[in-house]
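Please walk through this structure with me, one chain at a time. Keep the sequence and the 3D view side by side.

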Amino acid sequence: MIEILAIPPLATVQDLGRDGHWFQGLGRAGAMDSLAHRAANLLLGNDEDAATLEIPLTPAKFRFHGRQAFALAGAPCGARLDGRALPRVWAGMAEDGQVLDLGGMSDGARVYLALRGGIDVPEILGSRSTQLREAFGGLEGRVLAPGDRLVPLGNETPLLPGHGLSLGLPPLRREGDGAITLRALPSTEHDDFSPAAQQAFWSTPYTVTPQSNRQGYRLDGVELTRAEIGELRSHGIVPGIVQVPGGGQPIVQLADSATMGGYPKIAAVIAPDLWRIGQARPGDQLRFERVDLAEAEKADRESDRLFAYWKRDIAALVRQLGSWT
Amino acid sequence: MPETRTSLIGSRALLFQADCPFDLVHQQRFWALAEEAAGWPGVREAVPGMTNLTLLLDRVPTNIDRLSADLAKLWESGVRKEVDGRLLEIEIAYGGTGGPHLADVAELTGQSIDEVVRLHTAPEYTVYAVGSHAGYCYLGGLDPRLETPRRKVPLTRLPGGSLSVAGLQTGVSASTGPSGWNTIGSADVAFFDPARRPAALLGPGDRIRFKPVEVVA
């Protein structure tokens, strides 16, 4: 069991989200950076979908009760276990009474803490993710607070090297680029925007504003104007959709997105790049790169390949450890 | 302009729209489309919007032209799904703290407060679509005399159970959230309960009648 001593305001228990309830108006929720979430789980031998703790903009502090395995992955936050510096992505053992300190994040926006077997919270409608608006899922449907205790579902100790286990996450930005590049497809109203607006959207960076949370990020940049086409009828929207309300500044809908909306849509960020937005913080710059469906499909395959490599490498290491014992 | 159009709203999500009037007969065609498309291979969910349809897919659609053609063909067939939905009567306290914009709506529409309440409680509304937030019902059937613009300054925290109008739409929020609509009353109804099966109280084709239990000017 792990006790929360200090935690930022919007930390929640998340897995890969609640699929299959769009028809009831229930959004997916789930980890904002699913890549880091999955990495933390894989390192512990967990199912990728096991519930982790999503911690936005640390610092945070935890105390372990009982010897147990844990993993961390996501934004670099100078994590320390009883003062010992840990790598940015790490799985290992904590002894009874040890304190885990997550410092300020030097870059990125979220870090994931995984426990063996996942965090033990009830599975509701097929998921353990916190549904903040509807106030269910996760730990009592709410954000975590100091004094909360999280219990692992698994009780066996995973095979881990004494110095712990790590892996490399893909870089958030392309080399030499100050902005975070997001690959996106043109969406429904793209062609209604003026040629200058289209040009600006695909070439100039947009800054993440402080009005940004798990529901969506409001961006600030070149104003996007379009031909007046009247009010749209409400229609489905999904995480990654880039809407442009009347003011001309885009909004990207994210994990806690509504399931329907009515603003014009200029683009849709492809699924394998959504984790990058999850690691973007206010002040960061986002650049949208136009891709087609063939490129989107290729990006999905590359993402699948990355997880396959991680699983293969971790399995090989665990086999090796097993043969030593 | 072509009558139908398929566009991308995500790398694994499509929006199908048709150039059609906004009424029950056309909405029934989208219900039929949703029911049919839900069974297609690779379709995870098919969800009706307001005279449109969203498809959530397992993978990136490399066959979007075929999907688009299949949807267009089905649309052109004119097939409709009629739903013999249940009727829910919802008690509403109009005005007061739960309906702070009732007087605004009266002023904007040029009706008296009693007339606003009468016009709003007269029709039987049909649930066209469920979405936005869990259990929220988009309703068809608002009297055009109650048409109002959205508010310039949205409320950041409108409580669940709030009855609002905007444009030609009306509905009762299912949980606390932001809203740019004009709130004219409140109800005590659990539109979504994760412990219930189905969790959403109402689905497309169900009907609602509002019953005034109180009117506070």
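Into which domains is chain B divided? Chain B splits into domain 1 (4-76) and domain 2 (87-216). Such bounds come from an automatic or database domain assignment. Before going further, note that this is a predicted model: local features need pLDDT of at least 70, side-chain atom pairs count only at pLDDT 80 or more, and totals for chains, interfaces and linings use all residues. Residues are numbered from 1 along each chain as its sequence is written, while chains are lettered from A and ligands numbered from 1 in the order in which they are written.

Stay with chain B. The centres of domain 1 of chain B and domain 2 of chain B, taken over C-alpha atoms, lie 28 Å apart. Their contact takes 7 residues from domain 1 of chain B and 8 residues from domain 2 of chain B. Here, two residues are in contact if their C-beta atoms, placed from the backbone, lie within 7 Å. On the side of domain 1 of chain B that touches domain 2 of chain B, helix 1 (24-37) and strand 3 (43-48) of chain B give two or more residues. Helices (H or I, at least four residues) and strands (E, at least two) are DSSP runs, numbered from the N terminus. Helix 1 of chain B has the largest share of that side, 3 residues. By class, this side of domain 1 of chain B has 5 nonpolar residues, 2 polar and no charged. The classes are set as follows: Ala, Val, Leu, Ile, Met, Phe, Trp, Tyr, Cys and Pro count as nonpolar, Asp, Glu, Lys and Arg as charged, and the others, Gly among them, as polar.

Now turn to helix 3 (residues 102-109) of chain B. Its residues L102(B), V105(B) and A106(B) are buried. A residue is buried if 20 or more other C-beta atoms lie within 10 Å of its own, exposed if 12 or fewer, and partly exposed in between, with C-beta atoms placed from the backbone. Seen down the axis of helix 3 of chain B, the buried residues fall within an arc of 100 degrees, so they line one face of the helix. The arc is that of the directions from the helix axis to the C-beta atoms. The general rule is that an α-helix has 3.6 residues a turn, so residues three or four places apart point the same way. The buried residues of helix 3 of chain B pack against strand 5 (87-95), helix 4, strand 9 (162-166) and strand 12 (182-186) of chain B. After helix 3 of chain B comes G110(B), with a positive phi near 70 degrees.

Next, a loop. P123(B) sits between helix 4 (113-121) and strand 6 (125-130) of chain B. Is P123(B) buried or partly exposed? P123(B) counts as partly exposed, because it has 17 C-beta neighbours inside 10 Å. Leaving aside neighbours within four places in sequence, P123(B) is in contact with G141(B) and D143(B).

Move to chain A. Chain A is divided into domain 1 (2-169) and domain 2 (180-291). Their centres, taken over C-alpha atoms, are separated by 28 Å. The contact draws 20 residues from domain 1 of chain A and 14 residues from domain 2 of chain A. Helix 1 (residues 34-43) of chain A gives the largest share of the side of domain 1 of chain A that touches domain 2 of chain A, 3 residues.

Look for the sheets. Chain A has an open sheet of 6 strands in the order 7-6-9-4-1-11, with antiparallel pairing. Strand 7 (84-85) and strand 11 (149-150) of chain A stand at the edges, each with a single partner strand, so one side of each is left without a neighbour in the sheet. Two strands pair if DSSP finds at least two bridges between them. Strand 6 (residues 80-81) of chain A pairs with strand 7 of chain A in the antiparallel sense over 2 bridges. There, R80(A) has A85(A) as its bridge partner.

Strand 13 (residues 206-212) of chain A has antiparallel pairing with strand 14 (residues 216-220) of chain A over 3 bridges. A hairpin of 3 residues joins the two strands. V208(A) stands opposite L219(A). Strand 13 of chain A also pairs in the antiparallel sense with strand 20 (residues 285-290) of chain A, over 2 bridges. Y206(A) has L286(A) as its bridge partner there.

Finally, the two chains meet. 34 residues of chain A are in contact with 38 residues of chain B. Helix 4 of chain A gives the largest share of the chain A side, 4 residues. That side has 17 nonpolar, 10 polar and 7 charged residues.
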